[in-house]
Each structure stands twice: as C-alpha cells, then as structure tokens.
Amino acid sequence: MDYLIRFVQMHESFRKAEIQAMADLYGINLKFLHYSQYSPHCIIRLPNEDAARMIIGRSILSKAIYELWGSGSTYTELHQDVKRRTSHQWHLYKISSFKFEIQAYQAKRSLAEQDALIQSFHYTGFEGPIQLKDPEQTFTIFEECEWGLKEPAKVYLGRLISSSSRPILDTYTLKKRKYLSTTSMDSELALITANLTLAAPGKLFYDPFVGTGSFPIACAHFGAVSMGSDIDGRAIRGKNGVNVLTNFQQYRLVDKYLDSFIADLTHTPLRTARYLDGIICDPPYGVREGLKVLGSKDGGKREIQMIDGKAAHLQSHYIPPKKPYSFEAMLGDILEFAANYLVDGARLSLWMPTANDEEVELEIPMHPCLKVVSICVQAFNKWSRRLLTYRRLRDEDVKEALPARQAKREEGSTANDLNSFRKRYFQGFREPPSPMKDTD
C-alpha cells in the first residue's frame, strides 16, 4: 500500500534517513516512491497500516502519515486517481464520523475556496456525521504550490493513519531542562540522532562525550539503557546541586540511566568486549580550546603530588594533566572504539564539523569493520556539521582487503597545528593572504 508522510520543512537531509532507520529498527520493507528535500510530502510503500503506525510513531521530523487515496498535477487528475485507487473502499467509511481538511504548502485558501474543494469529493458517498473534533476518519487535501503561484503544482488526498512523536519536543526542550551547559545538544537533534542509532528497549547505549547528558536522555526516552563518560569531571559532577542525574530525574528516566564516569576514549576503564548496542556522541571540535586527552605532554610519568597528606589524584577536585590531541586522530579512535565494542548490526552515530570550503573539507572517516549508513548535514553560515551513522559489520563480512584506518597523528604542539578546522574557523574561513611579490 502507498502512504503519504507529511514532513516538517526543516533538517531536510535528516528526514529520509530517520524514516529508513525506523523501518530498519522494526524490520519493515520500505520503498520510497517519491522524495524531495524541497517538498514536505513523501510517498512511500509499506506492507500495511500497522507498519505505517510503527514507523511514524517515533518520527521527530514528520507530522503524520496518511493512506494515499490519490495524487495529481491538477484536481481533475486527483479525482480520477481517487476513483481508481479507492472506490472499492468507500463503503467501509460510509457511516463513520469524518471530517475533511486542507493543508496548503506555500499558499492559502479562503474558507469559500476550501468548502468548494471539499464538496468536490461528494462522490465518495459518505453519510456519517461530520465531526470536527476527534472524528473516526480524517481526510486531508494536500496542496503543494510553487512560491508566489496560487494554483498548486501537486495535489494529494490522504486518510489519516497516525500522528508522529513530534509533540514530545515541548517536553524535552532545553528551555525547561534543569542541568545545561553551553554545549548541550539541541533536544530535537538529540532525539533524531537516537532514532538514527536505533535506540530501543533492551539495548545498551554509550556516549563517550556525555556532557550534560542530552544523548543518553534521548536514548532513554526510546527505551534504551544508557551510560556516559567525559574527560571533564566538572560536567559529570555538575554544579549547584544539579548534574546529569538531575535531568534523568526530571524526565522520570532514572531506571534507564546506568551512570557516568570520568575518562576519555584513549584511557577507558570499560572491559574490551563487544556488548554495546549503540554509541552516540558529539565529540568536541576543539574550537573554544584545543582538543586534549589524558596524559603529560612529554609522555613521562610524574611524581605523586601530596596535598594535606593525601595524594592529589585521589581528591575530589583533582584535574588530571592533559596533552594536545589531533581532531583527525580522535575521529579514528572513535571508529576503532566502536569496532571493538559494538555488537553485530549495532550503530555508531557521531557529529563532526566541516567548512563549506573545499580547502578544509574533512574526509569521512572510515573503518573496515564499519559501514556508513547515512550522512546528514546541518548547514550554518560558513561551516556545517555532519551526522555520520555507521553499522558494525559481522566479522565474516569484513573485507580483508581493506586495511584498518590508521589514526592520523599530525606533527605540532598547538591547537591550530592539530586541527585544521579550528585554524580556518578563527580565520573566518578566508584564504590566507598571499605573500608579497618582489617587484625589484
């Protein structure tokens, strides 16, 4: 059966990937018949209504899904298609309470025009009561107009099947969250990322850059048990009596939260084994301050420092020494960690920045044990960030011919030496000045 999804017209490169992820999660055979990033209407083919409800039930970037009753470039074509597709179904809804509504994209219709369009479907023969609030059946006329033109370029008729989870954004908005920082991930993008990573009941998820817990909270909302770590102990401990746990308490998700601990990927206390069902993270870009990992710059060991007769590293306010870290090396370490900890078929989703500039385009990091599932882009002014989602391959599917990616260890000691994106960010993504030519 064919269905129409009414998307929101934002985060366009994420929408199709989210719907496909939901089909993958539930093992549903899905086929995209029509999709355009410039349109809020998407036509897909699914086995049945139950599949439609399952897919749309978790979607953040859609509003609802409808059984497609007809489509056309004109209303004449639409009516012909409605009769061809659904005339055998009209008797099923003959005495049901119902309502018709019109959704016009990039256009408006007067009440008189709307009434005339609704009356044009009188041939369906519905005899049930018209009920504007909570009817048994809702039929929606969709108009898609080109900007500035009144007559639609495309029209559809759909029967409402189910609405999406988009209303939960009001619950999880950062405006109401008790524990935040300047780097807290937007709740909408966190929930979308959790969907792409297939968070679900019975799964264990991990965020190695947990911060204030936006990703673990999103995963917990969808039923996964989550945990996190961060190199900055202050993020874990919180301040003024609030921390990551406070946020889980706020949303009554404490039973889905294991805990958080202080660590980085190069010094993880986790047992090396493949038991994680998902890794989800937004690693630091090294813009405000250079990237660092635990360790001393010279690589040597230091003498134990004593404060008031107690070893400094055992005290609660202790901040361990750190050394500079390459951004590209960090990406490689994340992929290597995922390959070593994810179970077969599990997913890794990570955000990474890139400039809208060929000179600073960062290549998509690859690993022979991980397959890229989707690449979604959030564009800003002169730079963008990409959400990369990978799937852990079975060991027998790993191609021996592909060598493991070696982490790129750049030479240099400053933050700019180790992070080309950071360097260009502070240059305003401008080309460096050309050297003056000698005119003598």
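Residues 24 or more positions apart account for 73% of the contacts in the protein with a separation of 6 or more, where contact means heavy atoms within 4.5 Å. This is a predicted model, in which local features need pLDDT of at least 70 and side-chain atom pairs count only at pLDDT 80 or more, while totals for chains, interfaces and linings use all residues. Residues are numbered from 1 along each chain as its sequence is written, and side-chain values use heavy atoms, with hydrogens and water left out.

**Overall make-up**

- The protein has 11 helices and 18 strands; these are DSSP runs (helices H or I, at least four residues; strands E, at least two), numbered from the N terminus.
- Of the 440 residues in the protein, 50% are buried (buried is under 20% relative accessible area, exposed over 50%, partly exposed in between, with a 1.4 Å probe and protein chains only).

**Helices H6 and H7**

- Helix H6 (residues 187-196) packs against helix H7 (residues 214-221) at an angle of about 60°, with the axes 8 Å apart; axes are lines fitted to C-alpha atoms over the stretch in contact, and angles run from 0 to 180 degrees between N-to-C directions.
- H6 and H7 are therefore oblique to each other (under 35 degrees counts as roughly parallel, over 145 as roughly antiparallel, 65 to 115 as roughly perpendicular and the rest as oblique).
- Ala-190, Leu-191, Thr-193 and Ala-194 of H6 meet Ser-214, Phe-215, Ala-218, Cys-219 and His-221 of H7.
- Seven of the eight residues of H7 are buried, among them Phe-215, Pro-216 and Ile-217.

**A buried strand residue**

- Gln-137 lies in strand S6 (residues 137-144) and counts as buried because its relative accessibility is 12%.
- Neighbours within four places in sequence aside, Gln-137 is in contact with Tyr-93, Ser-96, Ser-97, Phe-98, Lys-99 and Arg-159.

**Positive phi in loops**

- Most residues other than glycine have a negative phi.
- His-11 is not a glycine, yet has a positive phi of about 45°; His-11 sits in the loop between strand S1 (2-7) and helix H1 (12-26).
- With 17% relative accessibility, His-11 counts as buried.
- Arg-252, also a residue other than glycine, has a positive phi near 55° and is found in the loop between helix H9 (244-250) and strand S10 (257-262).
- Arg-252 is exposed, since its relative accessible area is 76%.
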